[in-house]
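Subject: Structure handover

Hello,

Here is the structure you will be taking over. Please keep it open while you read the notes below.

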Amino acid sequence: MNITEVKEQVLIANQQLETTGLVKLTWGNVSGIDREQGLVVIKPSGVPYSHLSIEQLVVLDLEGNKVEGALKPSSDTPTHLALYRAFSEIGGIVHTHSMYATMFAQAGREIPCLGTTHADHFSGTIPLARHLTRKEVEEDYEANTGKCIIERFEKINPMEIPGVLLHQHAPFTWGKTPQEALINSQVLEAVAEMAWGTYLLNAATKEIPNHIMNKHYTRKHGPDAYYGQK
């Protein structure tokens, strides 16, 4: 995507954070990246989604230098930039405080793959990233949040599990585009709610067998995918 397309997707996805019910007040943000130019587009800090315009979006390079925009970028910008630098295949990032995913994050619980809805989108457990240390918080909280996520994904393919829970914080998701990242955020919230309800009904529920999980994931993703139309 070129920078104009990125801006358009970032604007729409930010507006949809509110209309999809993923956020309250201004508790979330969406960014996107033009990989060819190395430019990131992100929501300005504290601006209500309903008032947001394409002219208000902030454009930065991957080191955080502002290229366009009169407003201050989201306070989470250093986290987004760290993820773009580390995960070269992603093109969009979403951060929310959606209710059920945040409940799991606050409880310090990962979200195991309990059924096929989860397996259709995430190839396994939604991981939990550790707390930051006092030093990490005091030195550079948002940048170290990104480093903490990257550390958790050392042995995980971020394109197969495009989301994470931050311990006692909230979720981040990503995708090839801002719109895909938003969809992954919606799915994460849905499977979190399903997992919460499932454990209420049966606290001893086990994870879905690997052969079923793998079937559901690979029929939608990868070279042998056959779900949907060509």
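In helix α2, the buried residues are T77, T79, H80, L81, A82, L83 and Y84. Buried means under 20% relative accessible area, exposed means over 50%, and partly exposed is in between, using a 1.4 Å probe and protein chains only. Helices (H or I, at least four residues) and strands (E, at least two) are DSSP runs, numbered from the N terminus. Helix α2 covers residues 77–86 and is mostly covered, with 7 of its 10 residues buried. Its buried residues pack against β1, β2 (39–42), β3 (58–61), β5 (92–96), α5 and β8. Contact here means heavy atoms within 4.5 Å.

A word on the source: this is a predicted model, in which local features need pLDDT of at least 70 and side-chain atom pairs count only at pLDDT 80 or more, while totals for chains, interfaces and linings use all residues. Residues are numbered from 1 along each chain as its sequence is written, and side-chain values use heavy atoms, with hydrogens and water left out.

Helix α3

Helix α3 runs over residues 99–107, and its buried residues are Y100, A101, T102, F104 and A105. These residues pack against β6 (128–129), β7 (163–166), β8 (171–175) and α6 (178–201). After α3 comes G108, which has a positive phi, near 70°.

Helices α1 and α6

Two packed helices are described by the angle between their axes and the distance between the axes. Helix α1 (residues 3–19) packs against α6 at an angle of about 20°, and the axes are 9 Å apart. The axes are lines fitted to C-alpha atoms, for helices over the stretch in contact, and angles run from 0 to 180 degrees between N-to-C directions. The two helices α1 and α6 are therefore roughly parallel to each other. Angles under 35 degrees count as roughly parallel, over 145 as roughly antiparallel, 65 to 115 as roughly perpendicular, and the rest as oblique.

Which residues make the contact? On α1 they are Q9, V10, I12, A13, Q16 and L17, and on α6 they are P178, Q179 and L182. By class, this contact of α1 with α6 has 6 nonpolar, 3 polar and no charged residues. Ala, Val, Leu, Ile, Met, Phe, Trp, Tyr, Cys and Pro count as nonpolar, Asp, Glu, Lys and Arg as charged, and the others, Gly among them, as polar.

Salt bridges

Side chains of opposite charge can pair when their charged atoms come close. How many salt bridges does the structure hold? There are 5. A salt bridge is a side-chain nitrogen of Lys or Arg within 4 Å of a carboxyl oxygen of Asp or Glu.

One of them joins R152 and E110, whose closest N and O atoms are 2.8 Å apart. R152 lies in helix α5 (residues 134–152) and E110 in the loop between α3 and α4 (116–119), so this pair ties together parts that are 42 residues apart in sequence. R152 is partly exposed, with a relative accessible area of 28%, and E110 also counts as partly exposed, at 28%.

R130 forms a salt bridge with E136, again with closest N and O atoms 2.8 Å apart. R130 counts as partly exposed at 32% relative accessibility, whereas E136 counts as buried at 17%.

E139 and K135 also meet in a salt bridge, at 4.0 Å from N to O. Both lie in helix α5, 4 residues apart, about one turn of the helix. Both E139 and K135 are exposed. Salt bridges that share partners join R130, E136 and E151 into one network.

Loop residues

The loop between β7 and β8 holds H169 and Q168. H169 counts as buried, at 17% relative accessibility. Leaving aside neighbours within four places in sequence, H169 is in contact with H95, H97, T102, A105, Q106 and Y141. Is Q168 buried or exposed? Q168 is exposed, with a relative accessible area of 52%. Q168 has a positive phi of about 60° although it is not a glycine.

L25, in the loop between α1 and β1 (28–34), is not a glycine either, yet has a positive phi of about 50°. L25 is exposed, with a relative accessible area of 61%.

Regards
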